[in-house]
Amino acid sequence: MKDLDLPAPIAAYFAADHQSGQAVASCFTREGVVLDEGNTHSGAAAIEAWKNEASARYTYTTQPHTLETQGRSHVVTCRVSGNFPGSPLDLRYVFVLERGKIASLEVTP
(Lines give C-alpha, C1' and ligand atoms only; values in the text may rest on other atoms or scores of the structure.)
Protein backbone atom coordinates (compact mmCIF):
# COMPACT_ATOMS: atom_id res chain seq x y z
CA MET A 1 0.00 0.00 0.00
CA LYS A 2 2.99 2.30 0.52
CA ASP A 3 3.62 2.46 -3.24
CA LEU A 4 0.08 3.52 -4.18
CA ASP A 5 -1.17 7.06 -3.66
CA LEU A 6 -4.64 6.00 -2.52
CA PRO A 7 -7.27 8.68 -1.88
CA ALA A 8 -7.59 9.21 1.89
CA PRO A 9 -11.01 7.49 2.31
CA ILE A 10 -9.72 4.40 0.48
CA ALA A 11 -6.49 4.29 2.49
CA ALA A 12 -8.62 4.58 5.64
CA TYR A 13 -10.77 1.64 4.47
CA PHE A 14 -7.78 -0.68 4.01
CA ALA A 15 -6.38 0.39 7.41
CA ALA A 16 -9.77 -0.22 9.05
CA ASP A 17 -10.04 -3.63 7.37
CA HIS A 18 -7.34 -4.83 9.82
CA GLN A 19 -9.35 -3.54 12.79
CA SER A 20 -13.10 -4.09 13.18
CA GLY A 21 -16.46 -3.96 11.49
CA GLN A 22 -17.18 -0.71 13.28
CA ALA A 23 -13.93 0.82 11.95
CA VAL A 24 -14.81 -0.27 8.40
CA ALA A 25 -18.37 1.06 8.66
CA SER A 26 -17.06 4.45 9.81
CA CYS A 27 -15.35 4.86 6.41
CA PHE A 28 -18.72 5.01 4.62
CA THR A 29 -21.37 7.69 4.17
CA ARG A 30 -24.57 7.22 6.16
CA GLU A 31 -26.22 5.72 3.05
CA GLY A 32 -23.10 3.73 2.13
CA VAL A 33 -23.47 0.47 0.23
CA VAL A 34 -21.25 -2.61 -0.15
CA LEU A 35 -21.82 -5.19 -2.90
CA ASP A 36 -19.90 -8.40 -2.23
CA GLU A 37 -20.43 -12.07 -3.12
CA GLY A 38 -23.80 -11.25 -4.71
CA ASN A 39 -25.15 -9.51 -1.60
CA THR A 40 -25.89 -5.83 -0.96
CA HIS A 41 -25.20 -4.34 2.47
CA SER A 42 -26.70 -0.85 2.99
CA GLY A 43 -26.01 1.47 5.91
CA ALA A 44 -23.53 1.39 8.77
CA ALA A 45 -25.10 -1.50 10.73
CA ALA A 46 -25.24 -3.77 7.66
CA ILE A 47 -21.68 -2.88 6.61
CA GLU A 48 -20.40 -3.54 10.14
CA ALA A 49 -22.20 -6.91 10.18
CA TRP A 50 -20.77 -7.78 6.71
CA LYS A 51 -17.22 -7.08 7.86
CA ASN A 52 -17.64 -8.91 11.18
CA GLU A 53 -19.11 -11.95 9.42
CA ALA A 54 -16.29 -12.04 6.84
CA SER A 55 -13.69 -11.76 9.60
CA ALA A 56 -15.34 -14.59 11.55
CA ARG A 57 -15.33 -16.87 8.48
CA TYR A 58 -11.94 -16.06 7.00
CA THR A 59 -8.48 -14.95 8.02
CA TYR A 60 -7.01 -12.93 5.19
CA THR A 61 -4.60 -10.20 4.18
CA THR A 62 -5.19 -7.62 1.47
CA GLN A 63 -2.35 -6.06 -0.52
CA PRO A 64 -3.47 -3.25 -2.86
CA HIS A 65 -1.22 -3.13 -5.92
CA THR A 66 -3.01 -1.19 -8.68
CA LEU A 67 -5.15 1.97 -8.69
CA GLU A 68 -7.15 3.14 -11.71
CA THR A 69 -9.63 5.99 -11.91
CA GLN A 70 -12.63 5.41 -14.18
CA GLY A 71 -15.00 8.39 -14.11
CA ARG A 72 -16.23 8.70 -10.52
CA SER A 73 -14.91 5.24 -9.62
CA HIS A 74 -11.55 4.34 -8.11
CA VAL A 75 -10.66 0.73 -8.92
CA VAL A 76 -8.12 -0.81 -6.55
CA THR A 77 -6.86 -4.28 -7.46
CA CYS A 78 -5.66 -6.24 -4.43
CA ARG A 79 -3.90 -9.54 -3.89
CA VAL A 80 -6.02 -11.26 -1.23
CA SER A 81 -4.52 -14.24 0.60
CA GLY A 82 -6.12 -16.30 3.32
CA ASN A 83 -7.97 -19.43 4.36
CA PHE A 84 -10.66 -19.30 1.67
CA PRO A 85 -11.18 -21.29 -1.54
CA GLY A 86 -8.98 -20.11 -4.41
CA SER A 87 -6.49 -18.21 -2.24
CA PRO A 88 -4.53 -16.23 -3.17
CA LEU A 89 -6.45 -14.24 -5.76
CA ASP A 90 -6.77 -10.75 -7.13
CA LEU A 91 -9.98 -8.90 -6.29
CA ARG A 92 -11.13 -5.57 -7.66
CA TYR A 93 -12.47 -3.07 -5.13
CA VAL A 94 -14.53 -0.42 -6.96
CA PHE A 95 -15.00 2.63 -4.73
CA VAL A 96 -17.20 5.67 -5.34
CA LEU A 97 -16.33 8.53 -3.00
CA GLU A 98 -18.59 11.30 -1.74
CA ARG A 99 -17.77 14.15 0.67
CA GLY A 100 -14.58 12.50 1.94
CA LYS A 101 -16.23 9.12 2.61
CA ILE A 102 -17.03 5.97 0.65
CA ALA A 103 -20.51 6.08 -0.93
CA SER A 104 -20.22 2.59 -2.43
CA LEU A 105 -17.86 -0.34 -2.67
CA GLU A 106 -18.22 -3.29 -5.03
CA VAL A 107 -15.86 -6.23 -4.60
CA THR A 108 -15.45 -8.39 -7.71
CA PRO A 109 -13.05 -11.08 -8.95
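## Close-up views of salt bridges and the nonpolar core

E37 is exposed, with a relative accessible area of 55%. The model shown in these views is predicted.

**View 1. A salt bridge joins R57 and E37.** The side chains of R57 and E37 meet with an N to O distance of 3.1 Å. This pair links distant parts of the chain, its two residues being 20 residues apart. R57 belongs to helix α3 (residues 44-57), while E37 sits in the loop between β1 (28-36) and β2 (39-42). R57 counts as partly exposed because its relative accessibility is 40%. E37 counts as exposed because its relative accessible area, 55%, is over the 50% cut-off.

**View 2. Within helix α3, R57 also pairs with E53.** The salt bridge between the side chains of E53 and R57 has an N to O distance of 3.2 Å. Both residues lie in helix α3, four residues apart, which is about one turn of the helix. E53 has a relative accessible area of 39% and is therefore partly exposed.

**View 3. R99 and E98 form a salt bridge.** Here the side chains meet at 3.0 Å, N to O. R99 is exposed, with a relative accessible area of 68%, whereas E98 is partly exposed, at 27% relative accessibility. The structure holds five salt bridges, including R57 with E37, E53 with R57 and R99 with E98.

**View 4. The largest nonpolar core has 24 residues.** The members that touch the most other members are Y13, F14, F28, V76, Y93, F95 and L105. Two or more residues come from each of the helices α1 (8-16), α2 (21-25) and α3, and from each of the strands β1, β4 (73-82), β5 (89-98) and β6 (101-108). Helix α1 gives the most to this core, with four residues.

**View 5. Contacts of Y13 beyond its sequence neighbours.** Which residues is Y13 in contact with, leaving aside its neighbours within four places in sequence? They are V24, C27, F28, W50, Y93, F95, I102 and L105. Among these contacts are F28, Y93, F95 and L105, which, like Y13, are listed with the core members that touch the most other members.

Conventions
Residues are numbered from 1 along each chain as its sequence is written. This is a predicted model: local features need pLDDT of at least 70, side-chain atom pairs count only at pLDDT 80 or more; totals for chains, interfaces and linings use all residues. Side-chain values use heavy atoms; hydrogens and water are left out. A salt bridge is a side-chain nitrogen of Lys or Arg within 4 Å of a carboxyl oxygen of Asp or Glu. Buried means under 20% relative accessible area, exposed over 50%, partly exposed in between (1.4 Å probe, protein chains only). A nonpolar core is a set of buried Ala, Val, Leu, Ile, Met, Phe, Trp, Tyr and Cys residues joined through side-chain atoms within 4.5 Å. Contact means heavy atoms within 4.5 Å.
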